[in-house]
Amino acid sequence: MSVVPVDSIPSLNSDLFYDILRRLDGPTLASAACTCAAFCSISKEESLWENVCSSVWPATNREDIKSLISSMGGFRKFYADCFPLIVNKEVADYQEKNFLEYPDDWTEAEYYGDMNEFESLSPSDFVSIVDIRFKDKAICSKVQWGVGVPNANGYDGWFYNCPFRIDLLTYRDDDNNDGVVTLSVSDGLPPITSMERERKDGKLWQELFDGLQLSWIMVNRKMKQAANLASWRPLGGQRHWPTDNDFVIRFGSVLPATDILPSQVVECILIMKFRVVNTEEDGVGTKVKLTELSMQLEDMEGAHVNGRNSLLILKEALSCRRSKNYSEVLESCHLYSKVQSELKEEKMRNESRLDRLCILSGIAAFMTFWYCVL
């Protein structure tokens, strides 16, 4: 069979180009667009990027989300905004001497930020687009319009002064089991003969930790901005909490809070909880159930951020720096944890010195009193 020589790439049919490019993933498609004018032109087709987004984030297949993405500038822009993860290099600039104690040292205007700016924000402006994968297989897709808190839209409502938290998924034993996310041996979990054995070897925990991936995209409909607040892979977790059958896995990112909170940076904590419902000894086979998927923001001292400041922080986060380098993302999160630990240690030392000073002062006062009496 002879091969017909091709004089130049432009001489090929554009349909053939399209068929080639539609088989690529996002990073490869973006790289191919830089190789020649023909690829660059065809790579701007929205249908290509729609396919890419639907494969990475199955939740974008919903018609309401497709309409939302189109109103924000299309799937190509959406992918460029949400595929890179948030990186915050400002953590290294944090100094305890610049940390203002609040709320005593802060006026109401300083603590709550610019009220004129806040009045333009509403919990209903935000949309959560969440996808969970286990060993590269999509196991759960969720979309939540607004923050999911009842009666949160009133400006003077309790939401703005209470700790911010989004519970995207909660499960109770007495709930209906329809739509519950479960993983079993058929999904790649190792067979567990008993929880006593699992406590010793930790095979189930390791498979969950290594295999889970989380994408939590936050969209601001009004500003037409979006960003992925997750770390894609777990940052940490805890086995057997609060009972022997529970696993807690933590994802997240470090978000800027400049001129919003004294710490200047906060941690967006995304929690997934799994519960072992069956083991091999039960005669049913190993199975775990997703019981919680939530988001909350904490400042450098570990205090929960209230609703008002959280909306301002999320607004700023959608326009902050991003990176495709995953090691850079991990470095940012680990740096935050290091600085936070140093701050806690310093506070403990200060409290210890203060305790000793109080004890010595008490002893001196006691001895002075008895000296005067005698």
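Two strands count as paired if DSSP finds at least two bridges between them. The exercises below apply to a predicted model.

**Exercise 1. Pairing around β11**

Task: Determine which residue in β11 stands opposite Glu267, and how many bridges join β10 to β11.

Solution. 
- Step 1. Strand β10 covers residues 265–278 and is joined to β11 by 11 bridges.
- Step 2. The two strands run antiparallel.
- Step 3. The residue of β11 that stands opposite Glu267 is Glu298.

**Exercise 2. Other partners of β11**

Task: Find the bridge partners in β11 of Thr170 and of Ser184, and state the sense in which β4 pairs with β11.

Solution. 
- Step 1. Strand β4, residues 165–170, pairs with β11 over 5 bridges in the antiparallel sense.
- Step 2. Thr170 has Glu292 of β11 as its bridge partner.
- Step 3. Strand β5, residues 182–184, also runs antiparallel to β11, with 3 bridges between them.
- Step 4. For Ser184, the bridge partner in β11 is Lys287.

**Exercise 3. Two aromatic pairs**

Task: Classify the ring pairs Phe159 and Phe164 and Trp205 and Phe209.

Solution. 
- Step 1. A pair of aromatic rings is described by the distance of the centres and the angle of the planes.
- Step 2. The structure holds 8 aromatic pairs. In the pair of Phe159 and Phe164, the ring centres are 6.2 Å apart and the planes lie at 70 degrees, so this pair is edge-to-face.
- Step 3. Phe159 is buried at 3% relative accessible area, and Phe164 is buried at 1%.
- Step 4. For Trp205 and Phe209, the centres are 5.6 Å apart and the planes are at 35 degrees, so the pair is tilted.
- Step 5. Trp205 and Phe209 are 4 residues apart in helix α10, residues 203–211, and so are separated by about one helical turn.
- Step 6. Trp205 is buried at 11%, whereas Phe209 is partly exposed at 23%.

**Exercise 4. A surface patch**

Task: Describe the nonpolar surface patch that includes Phe369.

Solution. 
- Step 1. Phe369 lies in helix α12, residues 326–373.
- Step 2. With a relative accessible area of 49%, Phe369 is partly exposed.
- Step 3. The patch consists of Ile359, Leu360, Ile363, Phe366, Met367, Phe369, Trp370 and Val373.
- Step 4. Together these residues have about 860 Å² of accessible area.

Key
Residues are numbered from 1 along each chain as its sequence is written. This is a predicted model: local features need pLDDT of at least 70, side-chain atom pairs count only at pLDDT 80 or more; totals for chains, interfaces and linings use all residues. Side-chain values use heavy atoms; hydrogens and water are left out. Patches are made of residues with over 30% relative accessible area and no salt bridge: like charges are joined within 9 Å, nonpolar side chains (Val, Leu, Ile, Met, Phe, Trp, Tyr) within 5 Å. Accessible areas come from the Shrake-Rupley method with a 1.4 Å probe; for residues, only the protein chains shown count as cover. A salt bridge is a side-chain nitrogen of Lys or Arg within 4 Å of a carboxyl oxygen of Asp or Glu. Buried means under 20% relative accessible area, exposed over 50%, partly exposed in between (1.4 Å probe, protein chains only). Rings of Phe, Tyr and Trp (its six-membered ring) pair if their centres lie within 6.5 Å; planes under 30 degrees apart count as stacked, over 60 as edge-to-face and the rest as tilted.
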